[in-house]
Amino acid sequence: MMRERRIRVFAPATIANLGAGFDVLGIAIDQPGDVVVAERRAEPGLFFCVRTRHPDVPTAADKNVAAYVATLMLEEFHPPFGVKLTLEKRMPISSGLGSSAASSVAAVVAVNALLPGPIHRKDLLRFAMEGERKASGSAHADNAAPSLLGGACLVRRYDPLDVISIPTKQSIVWAVVHPHISIRTEDARNILPKAITLQTAVRQWGNISGLTVGLASGDAALVGRCVEDAVAEPVRGNLIPAFHEVKEAALRAGANGCSISGSGPSMFAVTSSIRMAHRVARAMKSVFAVSAGIDSDIYVSRINRTGADISWVKST
Ligand code: HSE
């Protein structure tokens, strides 16, 4: 008889790009995140359901990234059982917080834990990246890697994939504000410049190098100075109502730096204390409300070093 086994996995939200590091840098934060519960079932294949309060989340298995990546794994590993996968979709989609990555990561970690011979966590990244390809047309790893592995991740190279975990100090506190509008990653990618000048590239790679040093040394002032983005922010900022005012408010309230989280509309700010992060986030939220008439959610977090977390396993 097949042994029963149920796994619950939480996968955290992420701040991708960190301003200058388009497609190559990302960090995990504590909240929000998505949850997947997976269990073995006798019938082969995937049985999928979604619980959510967000009406625009795709619930059909062929439209949802969690079901998609789970199916890819089942097709590759052919376990002698089927899987029932329940996605508790807590994160809003098209938020700039790595919502699709969190769903994909939670699903691959849960399915992997059910397999007779689970693979290494880092090797799950390629499946999660396929979820990103399905969601946005591009298999970027700067959300999926930190959601899976925790901490700060540098995607040094895509082909072949080389993801490096940056050692971090916990002195930086991140203020994240999610305004209640949605921007599809695919749309935000389509407006990016196809080429940049050497001068812009020099500015960008100076900042990316500074970001890695600042993350490793926990230097909020350095990280704040380096979140400056000369490539995506100038065009993506136009998609976010009151973007410049919100950024200015963050800096005026004491943030060391501020930019777009992932492809937006969420914005993040770099600070050096929990208290300062709350003050900055409140200032940003207030400008979204007053200047753009948009309500928003606030998240304050240090870097989440755990990444996807198997919160319980039940076997009988
Ligand atoms: N690096 C990706 C982008 C992240 O900026 O398009 C999407 O969340």
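Analyst: With the pocket. On a 1 Å grid over the protein atoms alone, a pocket is an open set of points with protein on both sides within 12 Å along at least five of seven lines. A molecule sits in a pocket if more than half of its atoms lie within 2 Å of its grid points. By that test, the ligand here sits in the largest pocket. This is a predicted model, where local features need pLDDT of at least 70 and side-chain atom pairs pLDDT 80 or more, while totals for chains, interfaces and linings use all residues. Residues are numbered from 1 along each chain as its sequence is written, and side-chain values use heavy atoms, without hydrogens and water.

User: Which residues surround the ligand?

Analyst: A residue counts as near if one of its heavy atoms lies within 4 Å. Those around the ligand include Phe 22, His 140, Asp 142 and Arg 236. The shell has two nonpolar, six polar and four charged residues, with Gly counted as polar.

User: What is 2.8 Å from an oxygen atom of the ligand?

Analyst: A polar contact is a pair of N or O atoms within 3.5 Å. A side-chain N or O atom of Asn 17 lies 2.8 Å from a ligand oxygen. For Arg 189, the side chain is 2.7 Å from an oxygen of the ligand, and for Asp 23 the distance is 2.5 Å, to a ligand nitrogen. The protein covers 98% of the 260 Å² of accessible area that the ligand has on its own (Shrake-Rupley method, 1.4 Å probe).

User: From which domains does the shell draw residues?

Analyst: Domain bounds come from an automatic or database assignment. The shell takes at least three residues from each of domain 1 (2–166 + 304–314) and domain 2 (173–301).

Definitions and conventions: A polar contact is a pair of N or O atoms within 3.5 Å; within protein, one must be able to donate a hydrogen and the other to accept it, and residues adjacent in sequence count only if both atoms are side-chain atoms. On a 1 Å grid over the protein atoms alone, a cavity is a set of points where a 1.4 Å probe fits but cannot get out, and a pocket is an open set with protein on both sides within 12 Å along at least five of seven lines; lining residues have an atom within 4 Å of a point.
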